Amino acid sequence: MKYVIIGGCIAACGAVEGIRSKDAQGQIIIIDGEKRGAYTRPLISYFLSEPSKYSDVDYRSPDFFKDRAVETIKARVELIDRPGQLLNLDNGEQIEYDRLLIATGASPIMPPIPGADQDWVKSFYTIGDAETIDRDIEAAREVVVIGSGLIGMKAAEALFKRGLKVHLVEKESHILPRQLTPGAAVSVHRHLARQGLDIITGEEVAVIHPDHQIELKNGQKLSADLVIMAVGTRPNVELAVAAGLEVRQGVVLDDYLRTSDHKIYAAGDAAETLNVISGKQEVMALLPHAHREGYQAGRNMAGMDELDQGSIPMNSVKLLGWNICSAGVTGARDGELLSWYSKEQLLEIKVRENYLIGYIAINMPEVAGPLTNAISKKIPAAAGEWQEFVERGPSLATIPSAYWQVLRRLEANGSN
Amino acid sequence: MKVISVPEYCLGCGLCEIYCAAQHDGYDGNVLKAYKRGQPTPRSGLIKFSQISWLNTCMNCDDAPCLNACISGAVKRDEDGIIYIDENRCVQCYTCVMVCPYGHAQPSSKSGRIIKCDLCRDSEGIPACVSHCPNAALKLVQGGAEQ
Ligand SMILES: Cc1cc2nc3c(=O)[nH]c(=O)nc-3n(C[C@H](O)[C@H](O)[C@H](O)COP(=O)(O)OP(=O)(O)OC[C@H]3O[C@@H](n4cnc5c(N)ncnc54)[C@H](O)[C@@H]3O)c2cc1C
Ligand code: SF4
Ligand code: SF4
C-alpha cells in the first residue's frame with residue numbers, strides 16, 4: 001500500500017502515527033509546501049515573544065519521520081489526478097497513490113481593506129511570518145493588530161512582550177468573540193488593558209494609509225509601524241475543488257473521514273468534521289482536532305473501519321498570565337447560564353436539561369478536563385447536580401457523580 | 001500500565017500524595033527532606049467525594065487525549081507506554097488539561113508547567129503511592145483506558 005499525504009504539519013503527523021499503528025511496511029510519502037519541517041503553528045507566537053528561548057518550534061522529534069520510514073518531498077501539489085491516482089507537483093514530479101490524505105490546513109484571510117496590500121501589513125500564520133515580523137520590529141515602536149481571535153490575541157501578546165505599544169482592534173462588541181461571552185470577556189479585557197494593551201472593540205479599520213495612519217470607521221486614527229491582520233482563516237480546498245471532490249466550507253467527509261472519492265481522505269483545518277453538540281459537519285480549525293482526525297484517517301487508510309467520534313469546539317490559551325479555557329456552545333440563546341466568581345477566577349457553564357453544553361473557565365484549569373468531556377461524551381447529570389457544582393464551589397469533588405460513574409471512578413460503590 | 005484506585009478501601013489518609021511528592025523533583029523518596037525543606041508537589045491528587053475518596057491517577061489512555069492535544073509536542077509516550085511530559089517543551093497553554101477526562105494532568109503550582117503521574121518511571125520498583133498505601137487501595141495494573 002502506498003500512502004501519500006498532502007501537507008506536512010499536524011494532521012499529517014497524526015496520520016503517520018495512525019498509519020504506522022496498523023501498517024509497519026507500507027510506503028508513506030509526505031508532500032509539503034512549507035520549507036520548515038513539521039512545526040507547530042501555535043508556537044510561532046512564543047517564538048515571536050522570545051526568539052532565543054523558543055527557537056525550536058518542531059512538533060515532533062527530529063527523527064520522527066525517519067524512524068517511521070516516511071519520505072518527505074518539499075514541493076507543492078498542483079493537481080490531484082483522480083482517474084490516474086497521481087499527483088502533479090510544482091517541481092515537475094508525478095507521484096502515484098493508493099490512499100491519499102488531504103491535510104492542507106488553512107490560510108489567513110486578507111480582507112479588502114484599502115491599503116491592506118502594503119508590505120508593512122502582515123499576516124501571522126507561518127514561522128516565516130513570525131521571522132519576518134521579528135526582523136521588522138527591530139525599528140518599530142507601535143503596532144496595530146486587527147482581529148481579536150486567538151491568533152490576533154497571541155500576536156498582540158507577543159508584540160506587547162517585545163515592548164511595543166499594541167493597539168488591538170475588534171469589530172465585534174467584545175474580544176475573543178468566538179470563545180467568550182460578553183460577560184466573561186469583560187474581565188479578560190480589563191486584565192489585558194491594565195497591563196497596558198490598548199483594546200478597541202466594536203470598531204472596524206476603514207483605511208490603512210501609506211503614511212502609517214490607520215483610520216477607523218469612526219474617524220479615529222492610530223499610528224503604527226506595522227499592522228498584523230488576523231481576521232480569520234479559510235480552509236485550503238482548491239485542490240479538492242479542482243479534483244471535483246465535494247466541498248462546502250471545508251472538504252466534506254463521511255463518518256470514516258473519507259471524501260466523496262473513497263481512496264481520498266481529509267483531516268485538520270482543511271476538512272469539515274462532526275461537531276457532536278450541533279450535530280453538524282463543521283470546520284473547527286484546532287490543533288487537537290487536526291491531530292486526532294489525522295490519526296483516525298491514518299488508521300482507516302491502513303484498512304481499519306473506525307467511525308470518527310467527532311469533537312467539539314474547545315480552546316485553552318494563556319494571555320499575559322491568565323488561562324482561559326472554553327468549550328462547547330457559549331452563545332447567548334443556548335441553555336441555562338450558571339456562573340461562579342472569585343478574585344481573578346470565573347466559571348460560566350451552560351446547562352440544557354441536565355446536560356452540560358458549554359463552559360468558560362478563567363484561571364481554573366483544575367475542572368476544565370471533566371467539563372470538556374461531560375460535553376463531548378454527552379454525560380447527563382442528575383437533576384440539580386450542575387447547579388450544586390456551581391453553588392458548592394466548582395472542584396473535582398463537586399463534579400456530578402454521574403460523570404465519575406461513567407468514568408468508572410465510582411463503579412464499586414455506585415454512590416450518588 | 002496504570003495505577004487504579006479502589007474507593008471502598010481508600011481511607012482518604014493522603015499518604016499516597018505525600019509519597020508521590022517525595023518520589024519526584026529530586027527528593028528521591030525522602031519524605032522528611034521533601035516536607036521539611038522542600039516544596040513537595042504530588043502528581044496525583046486525592047478526591048474526597050461525599051462519603052468516599054480515591055486517588056485521581058493517570059489512566060495512560062490508549063488514544064490519549066492529552067497526547068493528541070498538546071500544541072507543543074511536550075506530551076510524549078515512552079517505550080513502556082507511559083505518558084510523560086517533556087517539561088522543557090511545555091508552554092503552559094493547558095490544552096492537555098482541558099481535554100483530560102480525569103482532570104488528572106494539572107499545572108504545577110511551582111513552575112506552571114504540567115505535571116502528571118509518570119508511574120515513578122525514574123525509580124526502581126512499583127510506584128510510590130502503591131507501595132505506601134496502608135490499606136491496599138491502590139493497584140498497579142496492565143492496560144490503558146479507552147477514550
Ligand atoms: C498563531 C497561531 C496560533 C494558534 N494557536 C492555537 C492554539 O492555541 N490551539 C489550537 O488548537 N490551535 C491553534 N492554532 C491552529 C492550529 O495551528 C491549526 O489548527 C493546525 O495547525 C491545523 O493543522 P493542519 O495539519 O490541519 O494544517 P497546517 O498546520 O496548516 O498544515 C498544512 C500544511 O499543508 C501545506 N500545504 C497546503 N497546501 C499544499 C499544497 N498544495 N501542496 C503541498 N503542501 C501544501 C502547508 O504549507 C502546511 O504546511 C493556531 C494557529 C496559529 C497560526
Ligand atoms: S488524558 Fe489524562 S488520564 Fe489520559 S493519559 Fe493523559 S493525563 Fe493520563
Ligand atoms: S500545557 Fe504544556 S504539556 Fe499541556 S498542552 Fe500545553 S504545552 Fe502541551
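Colleague: What should I know before I start?

Modeller: This is a predicted model, so local features need pLDDT of at least 70 and side-chain atom pairs count only at pLDDT 80 or more, while totals for chains, interfaces and linings use all residues. Residues are numbered from 1 along each chain as its sequence is written, chains are lettered from A and ligands numbered from 1 in the order in which they are written, and side-chain values use heavy atoms, with hydrogens and water left out.

Colleague: Start with chain B. How many helices and strands are there in its secondary structure?

Modeller: Chain B has five helices and eight strands. Both kinds of element are DSSP runs, numbered from the N terminus: helices are H or I with at least four residues, strands are E with at least two.

Colleague: In what order do the elements of chain B run?

Modeller: From the N terminus, the order is β-α-α-β-β-α-β-β-α-β-β-α-β.

Colleague: How much of chain B is buried?

Modeller: 56% of its 147 residues. Buried means under 20% relative accessible area, exposed means over 50%, and partly exposed is in between (1.4 Å probe, protein chains only).

Colleague: Zoom in on H1(B). Which residues are buried there?

Modeller: Cys16(B), Cys20(B), Ala21(B) and Ala22(B). An α-helix has 3.6 residues a turn, so residues three or four places apart point the same way.

Colleague: What do the buried residues of H1(B) pack against?

Modeller: Two helices of chain B are on the list, H2 and H5 (128-132). The strands are S2 (45-49), S3 (52-56) and S8 (138-141). A contact here means heavy atoms within 4.5 Å.

Colleague: And what follows H1(B)?

Modeller: Asp25(B) does, with a positive phi near 55°. Asp25(B) is not a glycine. Its place is the loop between helix H1 (15-23) and helix H2 (31-37) of chain B. Asp25(B) is partly exposed, at 38% relative accessible area.

Colleague: Switch to chain A. How many helices and strands are there?

Modeller: Eleven helices and 25 strands. The radius of gyration of chain A is 23 Å, close to the 22 Å of the globule rule for 416 residues, so chain A is as compact as a globular protein of that length. Its C-alpha atoms fill a box of roughly 70 × 60 × 40 Å along the principal axes.

Colleague: Which domains is chain A divided into?

Modeller: Domain 1 is 2-49 + 57-107 + 233-301, domain 2 is 121-229 and domain 3 is 321-412. The bounds come from an automatic or database domain assignment. The centres of domain 1 and domain 3 of chain A, over C-alpha atoms, are 33 Å apart.

Colleague: Is Leu320(A) buried or exposed?

Modeller: Leu320(A) is buried, with a relative accessible area of 11%. Leu320(A) sits in the loop between strand S21 (314-319) and strand S22 (322-328) of chain A. Its phi is positive, about 45°, although Leu320(A) is not a glycine.

Colleague: Where does Lys343(A) lie?

Modeller: In the loop between strand S23 (336-342) and strand S24 (345-352) of chain A. Lys343(A) counts as exposed, at 73% relative accessibility.

Methods: Rg over C-alpha atoms; globule rule 2.2 N^0.38 Å.
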